[in-house]
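Please read it alongside the sequence and the model.

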Amino acid sequence: MKGNTADKVIIEARKISKSFPGVRALHEVDLKVYAGKVNSVVGENGAGKSTLMNILSGVYTEYDGEFLLNGQKLAFKNTTDARQVGISIIHQELQLVPHMSIAENIFLGREPLNSMGLIDYKTMDEKARILLSKLEFETDVRRKISSLRIGQQQIVEIAKALSFDVRVLIMDEPTSALSESETNTLFKLIRSLTAKGVAIVYITHKMDELAQLADYVTVLRDGCLIREAAVKNIAVDEIVKLMVGRDIKDFFVKKQHKKGKVKIEIEDVTLKKSGKDGKFLLKDISFSVNASEVLGIYGLMGAGRTELLETIFGLHAARATGVVFIEGKQVRINNPDAAIKAGLALLPEDRKRDGLVLEMAIYKNISLASLSKILKNGLLNKVLEAKQAEMYRKKMDIKSYSSNQPVRKLSGGNQQKVVVSKWLATDPKILLLDEPTRGIDVNAKNEIYKLIDDLALQGMAIVVVSSELPEIMAISDRIITICEGRLTGEFGRIEFSEEKILKAALPG
Ligand SMILES: Nc1ncnc2c1ncn2[C@@H]1O[C@H](COP(=O)(O)OP(=O)(O)OP(=O)(O)O)[C@@H](O)[C@H]1O
Ligand SMILES: [Mg+2]
């Protein structure tokens with residue numbers, strides 16, 4: 001590739017190889033990172049993107065090959081070494097401490113001290129506030145991380161990376177949990193950083209972000225470098241083809257479904273905010289979903305979409321009111337166990353917190369919510385459990401060397417596939433999906449759409465929350481919109497238009 005020859009290479013990696021037991025994650029990969037540019041790195045789930053970034057940022061210290069910063073060979077012993085020369089990373093999997101405050105997380109291990117050698121909270125909080133205001137996130141910096149939704153946690157991670165003096169900032173799927181306005185703010189910030197000469201290494205599965213943001217693109221496939229190019233010299237279709245290694249012909253086309261009987265009906269679901277101010281997160285929401293129907297729920301982040309699914313699933317029983325009927329019978333769902341018994345399954349938004357046990361093997365995670373199915377005379381049937389896991393590993397194409405592999409060792413997107421498998425294995429009547437394709441590559445997304453379609457065809461009732469309008473329009477039979485906790489619109493498939501749906505989801 002010849003980019004603009006005037007652009008200055010700040011990092012050059014040469015023949016980087018890295019293996020894990022049973023997997024060759026990277027094989028002799030070369031990478032050039034240009035100063036003052038957005039250098040995107042793309043590839044399917046498991047292609048080796050995060051591994052490469054972990055090497056550049058000092059997380060992994062054992063690998064073959066070398067890399068140079070401004071022509072000087074570097075070898076980091078840890079992430080602190082990397083930060084000292086100006087390389088900082090925002091990880092794909094958020095690494096904040098949940099019970100500590102926003103400010104404490106940003107300055108963890110390097111808190112400003114006062115003259116008595118104690119933490120100077122006032123200065124620390126003030127510094128944190130300034131950082132967050134650059135990201136247009138106005139909040140009390142003493143709030144605990146655990147009280148933030150996942151997109152807000154992402155913003156704190158970004159603020160933390162910015163608090164170091166950066167020359168190279170690595171962002172591993174930074175927008176996967178951000179709303180549109182948060183994404184726009186981030187893009188503005190990225191542009192102001194590149195204008196100052198900072199190099200951005202940007203990993204994404206969202207192809208439209210390449211055109212909007214990136215100057216250079218590097219394509220990885222199965223741990224190998226496939227191509228690097230200036231974005232203006234390569235078409236997005238070509239990039240996708242290089243990522244996947246073939247033409248994608250079978251793009252998702254929704255099948256014709258015949259709606260069955262009503263499966264679930266919810267009436268006047270209301271959820272109070274915690275605290276005593278009498279405010280509501282959800283107010284009087286009613287809808288029903290039939291067998292073989294996919295209902296999409298669209299709303300901006302913070303509109304109450306996640307809370308709605310969680311409330312139906314019995315996670316907020318103490319603060320919620322409303323009535324739920326399943327197949328015509330009223331049911332009381334006060335906790336997730338009751339929900340699963342009633343035939344519900346919920347794929348949560350935050351897989352790391354709610355969906356997976358990271359240290360446990362793939363097969364154990366898959367069977368976690370469906371143990372009753374694989375019991376035989378009260379004993380766990382190991383053969384059935386293994387068989388079920390293998391089936392999903394193949395069907396979902398979970399990149400791994402065996403079902404025994406701990407989930408922690410999978411790439412982010414492949415972890416998501418395990419969560420999806422886990423909930424499908426419960427064989428639910430009603431499946432609630434919260435952002436099912438977050439972090440999933442273009443090709444695997446299509447697979448998940450097909451799977452949702454097939455499940456509906458077989459008679460399941462499905463509810464999908466997504467913040468990607470094209471996605472939700474492609475897979476749903478009907479869409480309802482939610483704004484500030486209230487139902488604001490309903491559209492049948494023939495009425496779908498981005499403009500109408502967006503308008504119904506916006507306040508005012
Ligand atoms: N700690 C680990 N132990 C064992 N294998 C690992 C480990 N980390 C990653 N791998 C494997 O290395 C390969 C590359 O993973 P990596 O996380 O770099 O992929 P990625 O391109 O970032 O994918 P995604 O888009 O899903 O985040 C995968 O096959 C993954 O299972
Ligand atoms: Mg990754």
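Helices (H or I, at least four residues) and strands (E, at least two) are DSSP runs, numbered from the N terminus. Just after helix 1, Gly 58 takes a positive phi of about 85 degrees. The model is predicted: local features need pLDDT of at least 70, side-chain atom pairs count only at pLDDT 80 or more, and totals for chains, interfaces and linings use all residues. Residues are numbered from 1 along each chain as its sequence is written, chains are lettered from A and ligands numbered from 1 in the order in which they are written, and side-chain values use heavy atoms, with hydrogens and water left out.

- Ser 50 counts as partly exposed because its relative accessibility is 22%, while Gln 92 counts as buried at 15%. Buried means under 20% relative accessible area, exposed over 50%, and partly exposed in between (1.4 Å probe, protein chains only).

**Helix 1**

- Seven of the eight residues of helix 1 are buried, so the helix is largely enclosed by the rest of the structure.
- The buried residues of helix 1 are Lys 49, Thr 51, Leu 52, Met 53, Asn 54, Ile 55 and Leu 56.

**Salt bridges**

- There are 22 salt bridges in the structure, each defined as a side-chain nitrogen of Lys or Arg within 4 Å of a carboxyl oxygen of Asp or Glu.
- One of them joins Glu 182 and Arg 149 (2.8 Å, N to O). This pair links distant parts of the chain, 33 residues apart: Glu 182 is in helix 6 (residues 180–195), and Arg 149 is in the loop between helix 4 (121–134) and helix 5 (150–162).
- Glu 182 counts as buried at 16% relative accessibility, whereas Arg 149 counts as partly exposed at 27%.
- Arg 227 and Glu 238 form another, with the closest N and O atoms 3.9 Å apart. Here strand 10 (residues 224–230), which holds Arg 227, is linked with helix 8 (residues 236–244), which holds Glu 238; the two residues are 11 residues apart.
- Arg 227 is partly exposed at 33% relative accessibility, and Glu 238 is partly exposed at 30%.
- In the salt bridge of Glu 327 with Lys 263, the closest N and O atoms are 2.9 Å apart. Glu 327 lies in the loop between strand 14 (320–326) and strand 15 (329–331) and Lys 263 in strand 11 (residues 262–272), so the pair ties together parts 64 residues apart in sequence.

**Glu 349**

- Glu 349 sits in the loop between strand 16 (344–347) and helix 11 (351–355).
- Glu 349 is buried yet has no salt bridge, and the nearest side chain of opposite charge, Arg 305, is 4.7 Å away. Lys and Arg count as positive and Asp and Glu as negative; His and the chain ends are not counted.
- Beyond neighbours within four places in sequence, Glu 349 is in contact with Ile 150, Thr 306, Asp 434, Glu 435 and Arg 438, where contact means heavy atoms within 4.5 Å.
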